[in-house]
Amino acid sequence: MDILAGLMQGFQVATTPTALGMCMLGVVLGTVIGVLPGLGPPATIAMLLPLTMKLEPTGAMIMLAGIYYGAKYGGSTTSILLNVPGESSSVVTCIDGYQMARKGRAGPALGMAAIASFIAGTFGVVALMLIAPMLARVSLAFSSPEYFALMVMGLAMVVLLAGNSLVKALLAMLVGLWVSGIGTDLFTATSRFTFGTVQLLGGVDFVVVAIGLFALGEVLGNMEPADPPKMLPVPKGLRNLLPTWQDMKRCRFAFVNGSVIGFLIGVLPGAGATIASFISYGIEKAVSRHPEEFGHGAIEGVAAPEGSNNAETGGALVPLLTLGIPGSSTTAILLAALILWGFKPGPLFIQDSPQLFWGLVASMYIGNVVLLILNLPLVAVFAQLLRVPAHILNPLILGVSVVGVYASGSSMFQLGLLALFGLVGYLMRKLDYPCAPMVLGLVLGDPMERALRQSLMMSQGSLAILLRPIPLTLLVVAAALLAVPLFRKSNALRVQMLDREEA
Amino acid sequence: MRPLARGGDFWSGLALAALGAYIVAQARGWDYTTPDGPGPGFFPMWYGSLMVALALALVVRSALARTEHAKVRWHEVGRAVACWGAFAGAIALMNVVGFTVGFALLTWFLVAVMARRPQREAIVVAVAGAALFYGVFAWLLELSLPKGFLF
């Protein structure tokens with residue numbers, strides 16, 4: 001009953017002209033950046049975040065979330081037509097989607113991607129709506145030791161799945177912890193790592209780091225020459241985009257598989273949409289009556305991964321909103337956005353900010369319908385974006401980055417930091433250090449230190465407080481996750497999965 | 001973008017070990033514990049030490065690896081560094097000439113020099129881009145753009 005009442009309230013919020021406009025803007029922007037290879041949701045959301053500070057938070061959050069899930073719809077278009085994933089979560093769609101397009105079935109592939117995304121995306125929102133309030137109630141019993149252990153486990157998961165080298169992922173995470181520690185210690189007012197500058201006393205703005213690492217780092221990476229891939233033609237007319245009844249029948253299990261796997265993987269910190277799409281593809285192939293068709297244009301090979309990467313959004317929002325623990329770069333930026341607007345994501349979030357939570361949930365139902373419409377009849381229009389040359393796009397990204405950072409602090413010092421973190425982002429890509437653990441270390445560093453220090457204050461310095469059942473279990477899980485690479489077989493599986501993701 | 005392999009691991013490991021050592025050295029100057037509990041040096045001491053250990057492990061592993069180092073494509077790196085230099089230079093220039101002129105110059109550089117497009121196209125893109133940004137952000141959204149002491 002609470003859920004129904006909440007949902008009704010949410011639709012009242014989400015159907016106001018402003019909220020509808022923000023939802024439309026978000027999903028259109030999301031589709032655009034999903035279509036464009038080389039510009040992802042973390043960079044876009046980070047760039048736009050400072051510009052949303054003047055907006056009403058519910059509308060702004062609806063827009064940013066629209067970018068997040070809209071990009072996943074758009075990502076499949078590039079995978080199918082160019083064999084280049086628009087988003088990392090659409091990598092696996094290239095395998096069968098591009099083969100279908102080569103065989104003249106680009107229309108049904110694009111149509112199936114949109115339909116599977118819609119079904120699984122909607123399932124993800126339903127599951128978010130049902131599970132988030134329950135998890136919030138359970139997590140009310142959590143205090144500092146539980147939160148500390150939960151954050152350690154989240155970071156361990158991200159580190160495990162972030163790159164080929166566990167050592168490099170851990171180092172990236174430690175650098176994130178260090179950057180989060182720059183500024184004034186709130187417990188003792190001690191200045192830490194400020195290099196004698198007044199500007200660093202308040203710490204390093206998360207927005208500056210995120211825009212530098214993702215947007216600027218991406219542009220610098222794009223400067224390296226690459227041969228432009230050739231795009232296959234988009235079929236004209238809605239009829240040519242719709243899959244046949246036979247196609248829909250073949251994909252029945254793929255819809256269920258993608259929805260359930262995507263949501264469950266989304267709830268786990270660190271795993272993310274890319275892993276979800278690989279796992280659902282693997283399951284689909286394993287249970288298929290025609291496994292030999294996979295890799296040669298099997299339509300289930302498009303439906304399962306596209307479904308799972310969209311269901312993952314709902315899953316990823318569960319720990320973000322109910323525990324305040326993000327599981328990926330994008331959700332880390334969304335967490336920063338909520339904190340900047342003055343919200344406290346955690347067990348009391350739904351109770352304290354029902355308008356935002358339920359408004360967001362309702363807007364996601366609306367957004368998924370809008371995306372289905374955008375990605376079926378209008379897919380040819382979005383595909384034209386692939387013709388925008390990089391030399392037009394790159395200056396625009398740099399310009400929005402500068403305006404975004406300046407809008408957040410009106411300081412030239414911040415712009416200097418932006419340039420610095422842009423270089424760091426490029427070097428990390430070049431040296432094969434994953435950015436996600438650094439961003440999560442940066443976001444979780446401060447609350448993690450606070451939780452640890454509060455725990456030790458509660459126990460008068462005794463680490464035994466971390467041996468309570470929940471923290472102990474979580475810490476053991478974290479240790480087990482980090483021990484995976486020590487076991488040759490399990491590490492081989494991990495690296496194989498990550499290698500395929502990069503291929 | 002092709003990642004650099006072993007050579008990059010060695011030098012980045014050394015740099016991170018130095019950063020870790022700096023963190024530990026700084027943390028030693030702050031209280032590790034206070035009467036109320038852990039002090040400001042507690043957390044940095046732990047992650048700084050871990051950073052030193054992991055970075056040195058990376059250095060040793062890289063030094064002992066028998067595989068050949070991937071050849072650095074300096075042309076590719078040079079293009080990225082040139083772009084970064086132009087960006088950093090444009091930000092420094094914005095202190096003098098403000099956002100609109102600084103951004104127009106950066107855009108001209110990216111289009112004419114980096115993308116090797118004709119001068120006319122580069123100038124049109126630079127002027128149109130700067131005007132678009134001024135129109136959308138300063139005029140329409142009323143956001144403050146970086147100001148220089150000239151403009």
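How many helices and strands are there in chain A? Chain A has 22 helices and two strands. The legends below refer to a predicted model.

**Figure 1. Overall build of chain A.** The radius of gyration of chain A is 22 Å, close to the 23 Å that the globule rule gives for 503 residues, so chain A is as compact as a globular protein of that length. Taken along the principal axes, the C-alpha atoms of chain A fill a box of roughly 65 × 55 × 50 Å. Of the 503 residues, 60% count as buried. Among the contacts in chain A between residues at least 6 apart in sequence, 80% join residues at least 24 apart.

Figure 2. Leaving aside residues up to four places away in sequence, A:Gly367 touches A:Cys23, A:Val27, A:Gly66 and A:Tyr69. A:Gly399 is 32 residues from A:Gly367 in sequence, and their C-alpha atoms are 28 Å apart in space.

**Figure 3. Where chain B touches chain A.** On this interface, 51 residues of chain B are in contact with 46 residues of chain A. On the chain B side, the elements giving two or more residues are α1 (6–28), β1 (33–34), β2 (37–38), α2 (42–64), α3 (74–114) and α4 (119–140). The largest share of that side, 16 residues, comes from α3(B). By residue type, the side of chain B that touches chain A divides into 36 nonpolar, eleven polar and four charged residues.

**Figure 4. The two domains of chain B.** Domain 1 of chain B spans 6–64, and domain 2 spans 74–140. The C-alpha centres of these two domains lie 38 Å apart.

**Figure 5. Crossing of α3(B) and α4(B).** The axes of the two helices come within 8 Å and cross at roughly 145°. This crossing of α3(B) and α4(B) is right-handed. Among the residues that α3(B) brings to the contact are B:Phe103, B:Thr107, B:Trp108 and B:Val111. Those of α4(B) include B:Ala122, B:Val125, B:Ala126, B:Gly129 and B:Phe133. In the contact of α3(B) with α4(B), 13 residues are nonpolar, four are polar and one is charged.

Terms used: Residues numbered from 1 in each chain as written. Chains lettered and ligands numbered in written order. Predicted model: local features only at pLDDT ≥ 70, side-chain atom pairs only at ≥ 80, totals over all residues. Contact = placed C-beta atoms within 7 Å. Helix = DSSP H or I, 4+ residues; strand = E, 2+ residues; numbered from the N terminus. Nonpolar A, V, L, I, M, F, W, Y, C, P; charged D, E, K, R; others polar. Axes fitted to C-alpha atoms, helices over the stretch in contact; angles between N-to-C directions. Left-handed = near helix turned anticlockwise from the far one by under 90°. Domains from an automatic or database assignment. Rg over C-alpha atoms; globule rule 2.2 N^0.38 Å. Buried ≥ 20, exposed ≤ 12 C-beta atoms within 10 Å, placed from the backbone.
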